[in-house]
Amino acid sequence: MKTSRQMAEELEKGLHAALLDFVREALLSWWRAHGLEYPWRSYRDPWEVLVSEILLRKTNAEKVSSRIGEVLSVLRSPEDVLRLREEDLADLLRPFGMQRIKARQLRGLAQRLAAEGGRIPEDPEALSALPGVGRYIAAAVLCFALGRPAAAVDTNVIRVLTRVFGVKPERSRPRADPYIWKIAELLLPADHPREHSWALLDLGKKVCRPRRPKCSECPLAAVCWWNARRAEGTAGRE
């Protein structure tokens with residue numbers, strides 16, 4: 001097992017080019033056959049992606065899928081958010097849980113955007129600095145709405161990356177590890193960035209699960225460090 005820093009440096013030097021190519025091709029092929037379908041994956045409006053990602057926080061994706069259209073018919077723009085009282089906004093978001101927190105986040109986001117003329121920035125740092133956004137949602141907007149090769153790293157993606165590449169995060173909180181993000185960025189190709197990002201997300205949810213992962217169904221099993229250790233009976237000992 002290597003540290004995330006070591007692996008990121010090796011990947012950046014091109015030491016594992018064949019591995020990256022295999023993973024990219026296998027992920028895309030698997031996703032085209034087994035990928036999940038959600039309404040927000042058809043969205044190309046940055047505002048719709050922002051709203052969707054805020055609602056998806058700590059919420060069952062299927063629950064959001066069944067109600068997202070209803071919410072976006074009301075919250076078509078930042079101005080629509082500001083027309084609602086915070087109590088009414090929270091009521092609208094109640095089916096998704098954490099409604100008061102999400103209402104405050106959406107209201108703060110709408111206020112900032114309205115103050116800046118309603119324009120959603122396309123710069124990663126400016127997007128990340130918006131209320132309720134952060135690095136993951138900023139990457140989701142850039143990748144899913146705008147089609148840019150921006151890596152969106154969540155818990156599922158981290159699990160896939162650490163298992164496949166056999167790395168230990170440099171930080172106790174993996175999402176704060178810059179080298180995990182670097183590995184994800186180096187893996188993400190310039191072409192089909194949306195599909196590759198969705199493939200990582202879906203693989204972590206459906207196959208590379210926290211418990212009882214379905215390694216026999218994984219398209220990356222042949223090159224996965226963790227799967228090799230599992231077969232030897234040594235997974236989790238490194």
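User: Which residues in α1 and α11 meet?

Analyst: Contact here means heavy atoms within 4.5 Å, and helices (H or I, at least four residues) are DSSP runs numbered from the N terminus. In this predicted model, Ser4, Arg5, Met7, Ala8, Leu11 and Glu12 of α1 meet Tyr179, Ile180, Lys182, Ile183 and Leu186 of α11. By class, these residues divide into seven nonpolar, one polar and three charged, where Ala, Val, Leu, Ile, Met, Phe, Trp, Tyr, Cys and Pro count as nonpolar, Asp, Glu, Lys and Arg as charged, and the others, Gly among them, as polar. The model is predicted, with local features needing pLDDT of at least 70 and side-chain atom pairs counting only at pLDDT 80 or more, while totals for chains, interfaces and linings use all residues. Residues are numbered from 1 along each chain as its sequence is written, and side-chain values use heavy atoms, with hydrogens and water left out.

User: At what angle do α1 and α11 pack?

Analyst: Axes are lines fitted to C-alpha atoms, for helices over the stretch in contact, and angles run from 0 to 180 degrees between N-to-C directions. Helix α1 (residues 4-12) and helix α11 (residues 178-187) pack at about 30 degrees, with their axes 8 Å apart. Angles under 35 degrees count as roughly parallel, over 145 as roughly antiparallel, 65 to 115 as roughly perpendicular and the rest as oblique, and α1 and α11 are therefore roughly parallel to each other.

User: How is the packing of α9 and helix α12 described?

Analyst: The angle between α9 and helix α12 (residues 193-206) is about 135 degrees, and their axes are 8 Å apart, so the two helices are oblique to each other. The contact is made by Tyr136, Cys143, Phe144 and Ala145 of α9 together with Pro193, Arg194, Ser197, Trp198 and Leu201 of α12.

User: Is Arg41 buried or exposed?

Analyst: Buried means under 20% relative accessible area, exposed over 50%, and partly exposed in between (1.4 Å probe, protein chains only). Arg41 has 11% relative accessibility and therefore counts as buried, although this residue lies in the loop between α2 (17-34) and α3 (46-56). Leaving aside neighbours within four places in sequence, Arg41 is in contact with Trp31, Leu36, Trp198, Leu201 and Asp202.

User: How many residues has the largest nonpolar core?

Analyst: In soluble globular proteins, nonpolar side chains tend to be buried together. A nonpolar core is a set of buried Ala, Val, Leu, Ile, Met, Phe, Trp, Tyr and Cys residues joined through side-chain atoms within 4.5 Å. The largest one here has 82 residues, and those with the most contacts inside it are Leu93, Leu161, Phe165 and Leu220. Helix α9 (residues 134-145) contributes the largest share of this core, 10 residues.
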